Structures are given as C-alpha cells and as structure tokens.
Amino acid sequence: MPAKLSVNLNAIAMLRNRRDLPWPSVTGLGRIALQAGASGLTVHPRPDQRHIRFSDLQPIRDLIDDEFPGAEFNMEGYPNEEFLQLVERHEPEQVTLVPDDPAQATSDHGWDFRENHALLANVVGRLKGKGFRVSLFADGDPDREALKIAKEAGADRIELYTGPYGGCHDDSDEAERIAGELGRTAEIATDLGLAVNAGHDLTVANLPRLVKHIPALAEVSIGHGLTADALEYGMAETVRRFRRACGEAA
C-alpha cells in the first residue's frame with residue numbers, strides 16, 4: 001500500500017498569522033487538501049501559538065468529523081501537560097510526540113530513547129489508555145536497541161526525522177546514502193512491530209527515492225514543501241502531485 005499523505009497546516013497558519021485577518025483559512029485549505037485525497041491533517045500547536053493556534057484545533061476536528069470521517073487528525077508536540085490536555089480535548093486519531101524545546105524554529109532531532117524511556121512510557125501509557133495511536137519522533141540511525149526501547153515504551157509507530165535527507169537535495173549520492181540508512185532503520189522498526197511514518201523537508205522530488213527504500217512506509221506528514229508548491233500549483237493539484245510521489249494513482 002502506498003504511504004498515506006497527511007498535510008501539515010502549520011505553514012498555512014503562520015502565513016495567516018502575519019495579519020490579524022482570517023485568511024488564508026486553515027480549515028478552508030485543509031478542506032481542499034482532503035477533497036483532493038489527502039488522508040489526514042497534521043498540526044503542531046506550540047506553546048507560543050506562532051502558527052497553529054489552540055483555537056484552530058476544534059474547527060479542524062469538526063471539519064474531519066463532519067465532512068471527511070475517513071480522514072485522520074494528527075497532533076504533534078512535546079508532551080507537557082498543556083499539550084496532553086489539548087490532545088485529550090480534541091481527540092486526534094494519532095499523537096506524534098516530539099522532543100522539541102519550545103524555542104526551536106522546527107523539529108530537528110528525534111528522541112533519545114535511552115534517556116527518556118521513563119517519560120515516554122508514562123506519557124504513551126496515558127495516551128493509549130484513552131485510545132490514541134502514538135508515534136514517536138526518531139532519528140534515522142539504525143539503532144536497534146533504541147528502537148526496542150521505543151517499542152517497550154508502548155509506541156505504535158515511529159516517525160523518522162528526514163531533515164538530513166531533505167537537506168541534501170543538491171547531492172544525489174548523499175541522498176542515496178541517507179535514504180539507505182533510513183531504510184535500514186525502518187526495517188528494524190518493522191521487525192520490532194513498529195509501523196513507520198516519516199516527515200521533514202520531504203518534496204515531490206525526493207519522496208520516490210524514500211518510498212523505494214521504505215516500501216512499508218505508512219504515512220508522510222508534509223507541510224513546508226507542500227505549502228510552497230501550493231503557491232505555484234494550487235492546493236488540490238499539489239496534494240495530487242504528492243500522492244503520486246508516494247506511489248498513489250492520483
């Protein structure tokens with residue numbers, strides 16, 4: 001099965017927040033993305049609300065429930081109490097836990113599973129007790145012991161951080177090396193019983209190589225590159241282009 005596409009709405013929200021105006025509409029463009037075949041919507045509600053605002057969460061939840069009941073809502077963030085309460089209030093189908101400092105511009109590394117085992121086991125247990133699927137942000141290193149700890153903490157999935165892969169867009173040899181490493185990491189995760197998501201700096205150009213190396217890839221979450229392309233191609237056509245890059249017939 002081709003990897004599912006979840007459209008990250010953060011960049012759209014950041015553009016909206018430059019002015020005290022309701023456009024571009026986060027839910028409006030989310031609707032277009034889902035109409036064009038995206039499998040879900042992703043948000044990362046940071047404490048400073050610099051892109052997605054807490055007030056966006058219920059309208060996105062309502063959009064999916066009312067118009068696209070087969071789609072999924074994915075909320076990602078650092079598991080402090082404020083974030084966990086937002087998750088429990090808005091009930092996403094998937095929660096992706098990231099080790100971000102609130103001051104970071106964007107997610108740029110995965111969890112140190114050895115150091116954070118106790119924290120993650122506690123949080124994952126709380127979330128799974130309420131019926132949420134839980135994914136943990138992970139570096140691309142093929143470290144079996146670290147991934148085993150993620151599994152033992154109760155995770156359903158990992159999301160591979162693909163920033164280094166996306167960053168070598170002008171170096172095909174290095175892209176191939178990193179994609180191979182990500183593929184080996186995904187194989188270990190799958191062997192341990194973890195499904196594999198991926199996200200960060202993924203594009204129409206680099207997705208096919210990644211999919212080739214991770215044939216069991218479950219989902220990609222894409223925001224910046226997809227939003228940039230939407231300025232050129234429109235949201236609907238951009239979603240179709242990314243779906244085709246994932247291997248779908250779109």
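Q: How much space lies in the second largest pocket, and what makes a set of points a pocket?
A: About 200 Å³ lies there, as the space filled by probe spheres set on grid points joined across faces, edges and corners. On a 1 Å grid over the protein atoms alone, a pocket is an open set with protein on both sides within 12 Å along at least five of seven lines. Of its 14 lining residues (an atom within 4 Å of a point), Met 1, Pro 2, Ala 3, Lys 4 and Ala 218 are closest to the centre.

This is a predicted model, where local features need pLDDT of at least 70, side-chain atom pairs count only at pLDDT 80 or more, and totals for chains, interfaces and linings use all residues. Residues are numbered from 1 along each chain as its sequence is written, and side-chain values use heavy atoms, without hydrogens and water.

Q: Why does the length of α8 agree with a helix?
A: The expected span is 1.5 Å times one less than the number of residues. For the 20 residues of α8 (172-191) that gives 28 Å, and the end C-alpha atoms are 28 Å apart, so the two agree.

Q: Which residues of α4 are called buried, and why are they said to line one face?
A: Buried means under 20% relative accessible area (1.4 Å probe, protein chains only). Phe 83, Leu 84, Leu 86, Val 87 and His 90 are buried in α4 (81-90). Seen down the axis, they fall within an arc of 155°, so they line one face. The arc is that of the directions from the helix axis to the C-beta atoms.

Q: What covers the buried residues of α4?
A: The cover includes α3 (54-67), β3 (72-77), β4 (94-97) and α5 (117-129). Contact here means heavy atoms within 4.5 Å.

Methods:
Helices (H or I, at least four residues) and strands (E, at least two) are DSSP runs, numbered from the N terminus. On a 1 Å grid over the protein atoms alone, a cavity is a set of points where a 1.4 Å probe fits but cannot get out, and a pocket is an open set with protein on both sides within 12 Å along at least five of seven lines; lining residues have an atom within 4 Å of a point. Buried means under 20% relative accessible area, exposed over 50%, partly exposed in between (1.4 Å probe, protein chains only).
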